[in-house]
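Take a look at the chain below. We will walk through it step by step.

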Amino acid sequence: MGRLRLLLLPLLAGALAACGESPPPSPPAQASPAPKTAAAEIRDIALTTSAEAVIEAVRQSTVSAQIAGRIVDLRFDVGDYVKKGQVIARIDERAVTQAEAASVAQVSEAQAALANARAQYERSKQLLEQRFISQAALDSAEAAYKAAQARVTALLAGAGAAATERSFATLVAPYSGVVSARHVELGEMASPGRPIMTGFDPSTLRVVATVPQAQVAAIRAGGKARIEVPSAGRWIEVKAMTIVPAADPRTHTTQIRLELPEDVRGIYPGVYARAHFVVGTAARLLVPRAAVVRRSEVTAVYVVGPDGRPRLRQVRLGTAGDEQSVEVLAGLKPGERVALEPITTAIKEAR
């Protein structure tokens with residue numbers, strides 16, 4: 001039966017061909033698009049020396065308690081943005097309020113005594129003119145009047161101190177910034193000097209780098225630097241550079257402070273960074289960083305030849321470059337084109 005079917009199939013195909021019917025043609029194979037490429041070219045690029053650095057805030061402070069009492073209000077937590085003058089915490093102020101009220105009452109008492117001493121002194125002066133009292137009695141009334149004045153002045157200062165201490169129950173932000181740490185919980189006891197919250201101003205960030213003393217002269221002559229933040233994949237232009245006029249005698253290094261622009265977002269104090277200081281310029285063979293592919297210990301690029309086929313070629317990279325290009329020391333010639341999407345190119349090559 002099977003052999004009969006095999007014999008009938010060619011006959012059926014011939015009959016269909018005789019009737020003018022032919023099997024539908026297969027769709028033409030679509031050519032894969034050519035990979036995006038860029039030419040390896042020699043360009044003048046800034047030569048830099050790199051140093052490890054860390055980001056820190058110029059304005060960073062810890063707000064601490066100045067009176068003792070229970071914490072009754074905490075209005076912000078870590079990561080919150082606080083404006084200057086906003087209340088960040090409150091301490092139970094009943095004790096200091098009572099102390100202020102007592103000081104105000106003492107001032108009122110002293111003022112009443114002062115008024116009486118003043119009246120007594122004026123009467124004593126009139127009585128002396130009429131020779132009803134002696135000069136000693138007038139001197140005694142004058143002394144009592146001045147003592148009452150001094151007591152009022154002292155009690156007013158005490159009342160002012162009590163009012164100032166009462167104001168310490170409300171903790172406000174000294175400047176606008178972000179809360180980086182909260183050291184207490186609601187209901188805990190505060191004591192003078194105990195930290196409450198720590199914050200920093202994100203608009204006043206800088207990078208502190210430590211460089212060998214031998215490189216300071218070249219860095220000062222260049223006067224330019226850029227910051228690389230590997231964790232964020234960002235490069236940031238430096239606003240200003242300050243070389244600290246002191247050196248560490250143990251490590252023979254010098255610190256350099258690099259101020260960042262005010263509009264920098266997404267980085268915080270303590271983040272690791274690299275400082276790239278410009279020390280000169282030179283012509284170097286460069287390729288886009290996107291073209292570099294790393295396989296285990298091999299660094300390579302896909303070189304696209306005249307026939308359009310990509311071929312993997314090992315290269316040796318240098319230290320010069322920027323966020324877009326990297327120096328090639330060996331493996332490429334100027335003008336050769338490299339694929340900008342090496343992973344996609346590798347998949348197509350495997351097919």
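Which residues does L258 touch, not counting residues up to four places away in sequence? L258 touches R206, V207, A225, I227, V238, A240, M241, A275 and F277. Touching here is contact, meaning heavy atoms within 4.5 Å.

This is a predicted model, where local features need pLDDT of at least 70, side-chain atom pairs count only at pLDDT 80 or more, and totals for chains, interfaces and linings use all residues. Residues are numbered from 1 along each chain as its sequence is written, and side-chain values use heavy atoms, with hydrogens and water left out.

L258 belongs to the largest nonpolar core, which has 26 residues. A nonpolar core is a set of buried Ala, Val, Leu, Ile, Met, Phe, Trp, Tyr and Cys residues joined through side-chain atoms within 4.5 Å. Buried means under 20% relative accessible area (1.4 Å probe, protein chains only). I227, L258, L260, I267 and F277 touch the most other members. Among the elements giving two or more residues to this core are β2 (41–57), α4 (216–222) and β15 (253–259). Helices (H or I, at least four residues) and strands (E, at least two) are DSSP runs, numbered from the N terminus. Another core, of 19 residues, lies apart from the largest one and includes I71 and I88.

Now turn to a sheet. Four strands form an open, antiparallel sheet in the order β3-β10-β8-β5. Strands pair if DSSP finds at least two bridges between them. β3 (60–64) and β5 (81–82) are the edge strands. β5 pairs with β8 (residues 177–182) over two bridges, and V82 stands opposite G177.

Key:
Buried < 20%, exposed > 50% of the residue type's maximum accessible area, 1.4 Å probe, protein only.
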